[in-house]
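Here are some points to keep in hand while looking through this structure for the first time. Please read them beside the model.

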Amino acid sequence: MALISAVSVSVEKRLTGVDFQVEAGQTVGLIGPNGAGKSTLLQVLAGLLAYQGGVTLDDTPLQSLAPLERARKLALQPQFVDSSWSLSVADIVSFGRIPWGDMDQAIIHQAMRDAGVEALAARRIDELSGGEKARVWLARILANRATCLLMDEIVATLDLFYQHAVLKVLRAYAAQGKGVVIALHDLSLAARYCDRLYLLDAGRLVRCGTVDEVLDSELLGRVYRAPVHVDLAANPPVVLGL
C-alpha cells in the first residue's frame, strides 16, 4: 500500500519530473550529491513547497488535506533546526503532540527513550551539543506518531553509535506499518538500513529500486563524479568514494 505517491513532480530549477513512492513498512533512502534535490523533494512531500505534478497521501491529494490532518500524517525533520528560546528538552519533545491536542506523557517519554534523550529531559536545549540537539528534534518527531516521517540528514551530526541507534529506531518505526523517508549522504548507511533507494542528480531521478539495483559502482561514479567502491556482500555493506 502506497502511503505517499508522487508523479512527475517538478519545482522550478530544483526538480524535474520526479516520480516517488513509499509503502507501509518501508524505509526509503534519498541519495545523491549536493544540490541533487533531496531536501526539495522532502519539502514537496511535506506540502511546504509549491510544485507541478501530483502528490497523494493515502490516495488523497496532498493539497486537499487540511493543515491539521496533514500534520498528523506527515512529520518533517529539516536538515537545520534550532530553538530561539531556552526551553527544556521535555517541553520541546512535548510539542510533537500539538497536532493531536494532547500531552500524552507515555508517548512523550517513549519518544525520549527511543531517541536516547530521556536523561536530558530537564536540560535546556541551548546547553546541548549539536548531536544531542539532533536527537531531541528526533524525539519531538517521534512523539507525533505520524503516518510517515520525512528526515533530512538526520544522522549527519551524530557519532557512530547514535547513527546506528537512530537508524535502527527509524526502521522499527517503519516496521509498524508506517513509512520513513531519509535523505542520506553516507551510502554505506543507506545500503544497510534502507529497503529502497532513490538516486537523484541535478533535480532528476536517475534510478530507483532495491539497494542492489541502485548502488552500482559505475552508475554512482557517474553521478558523484568520482570513483566509487561498492561491496554489498560485505557485512555490513560498504560503499566508499576512492
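This is a predicted model: local features need pLDDT of at least 70, side-chain atom pairs count only at pLDDT 80 or more; totals for chains, interfaces and linings use all residues.

1. A place to begin is Asp58, which sits in the loop between strand S4 (52–57) and strand S5 (60–61). Although Asp58 is not a glycine, its phi is positive, at about 50 degrees, and with a relative accessibility of 24% the residue counts as partly exposed.

2. Glu153 also has a positive phi, near 55 degrees, in a residue other than glycine, and its place is the loop between strand S7 (148–152) and helix H6 (160–174). Glu153 counts as buried because its relative accessibility is 10%, and buried means under 20%.

3. A further backbone feature is the cis peptide bond that leads from Asn235 to Pro236, with omega near 5 degrees; Pro236 belongs to the loop between strand S11 (228–231) and strand S12 (238–241).

4. Leu138, found in helix H5, counts as buried at 1% relative accessibility. Leaving out residues up to four places away in sequence, Leu138 touches Gln77, Ala115, Met151, Ile154, Val166 and Leu170. Leu170, with its neighbours within four places in sequence set aside, has contacts that include Thr27, Leu149, Val180 and Ile182.

Notes: Residues are numbered from 1 along each chain as its sequence is written. Side-chain values use heavy atoms; hydrogens and water are left out. Contact means heavy atoms within 4.5 Å. Helices (H or I, at least four residues) and strands (E, at least two) are DSSP runs, numbered from the N terminus. Buried means under 20% relative accessible area, exposed over 50%, partly exposed in between (1.4 Å probe, protein chains only).
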